[in-house]
Amino acid sequence: MKTYELLAVFKPNLDAEEVDKQISALNDIIKNFEGVVESTDKMGRKKLAYDIQNFRDGFFVTMNLSIPADKVAEFKRQLRLNDNVLRTMFMEAPKAHAVK
């Protein structure tokens with residue numbers, strides 16, 4: 001399994017409890033795809049560089065996760081189907097450099 005980093009921007013009209021539910025739902029999706037969430041960082045509400053769907057800010061969350069490569073396309077599709085997610089950035093995490 002490869003390691004990936006996901007940055008998700010949730011709609012700002014969600015309260016903290018609803019954002020936690022969305023993160024929990026993402027965790028469940030990852031587990032259903034035989035993946036593992038290594039860490040989750042809720043960065044809080046931040047101003048966006050430009051309006052997205054008439055929102056000026058969003059709730060930012062980053063996740064480090066491992067998921068089988070053949071499940072990545074379906075995982076990305078699930079993210080796009082979630083109405084509470086404004087934007088995502090999903091990329092392969094850089095490999096840790098071994099110290100000699």
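This is a predicted model: local features need pLDDT of at least 70, side-chain atom pairs count only at pLDDT 80 or more; totals for chains, interfaces and linings use all residues.
Residues are numbered from 1 along each chain as its sequence is written, and side-chain values use heavy atoms, with hydrogens and water left out. Local features need pLDDT of at least 70 and side-chain atom pairs count only at pLDDT 80 or more, whereas totals for chains, interfaces and linings use all residues.

Helices (H or I, at least four residues) and strands (E, at least two) are DSSP runs, numbered from the N terminus.

The structure contains two aromatic pairs. Rings of Phe, Tyr and Trp (its six-membered ring) pair if their centres lie within 6.5 Å; planes under 30 degrees apart count as stacked, over 60 as edge-to-face and the rest as tilted. A pair of aromatic rings is thus described by the distance of the centres and the angle of the planes. Tyr-4 belongs to strand E1 (residues 2-10) and Phe-90 to strand E4, so the pair ties together parts that are 86 residues apart in sequence. Both Tyr-4 and Phe-90 are buried. Together with Phe-75, these residues, Tyr-4 and Phe-90, form one aromatic cluster.

Five salt bridges are present in the structure. A salt bridge is a side-chain nitrogen of Lys or Arg within 4 Å of a carboxyl oxygen of Asp or Glu. One of them joins Glu-92 and Lys-2, whose closest N and O atoms are 3.7 Å apart. This pair links distant parts of the chain, with Glu-92 in strand E4 and Lys-2 in strand E1, 90 residues apart. Glu-92 counts as partly exposed because its relative accessibility is 41%. Lys-2 is also partly exposed, with a relative accessible area of 39%.

Lys-21 is exposed, at 53% relative accessibility, and Glu-17 is exposed with a relative accessible area of 52%. In helix H2, Arg-77 and Glu-74 lie three residues apart, about one turn of the helix, and their side chains meet in a salt bridge (3.1 Å, N to O). Arg-77 is partly exposed, with a relative accessible area of 36%; Glu-74 counts as partly exposed at 29% relative accessibility.

Two asparagine residues in loops were also examined. Asn-82 is located in the loop between helix H2 (72-81) and strand E4 (85-92), and it counts as buried because its relative accessibility is 19%. A polar atom of the Asn-82 side chain lies 2.9 Å from the backbone nitrogen of Asn-84. Asn-13 is placed in the loop between E1 and helix H1 (16-32). At 55% relative accessibility, Asn-13 is classed as exposed. Asn-13 and Glu-38 are separated by 25 residues in sequence and by 27 Å in space, C-alpha to C-alpha.

Methods. Buried means under 20% relative accessible area, exposed over 50%, partly exposed in between (1.4 Å probe, protein chains only). A polar contact is a pair of N or O atoms within 3.5 Å; within protein, one must be able to donate a hydrogen and the other to accept it, and residues adjacent in sequence count only if both atoms are side-chain atoms.
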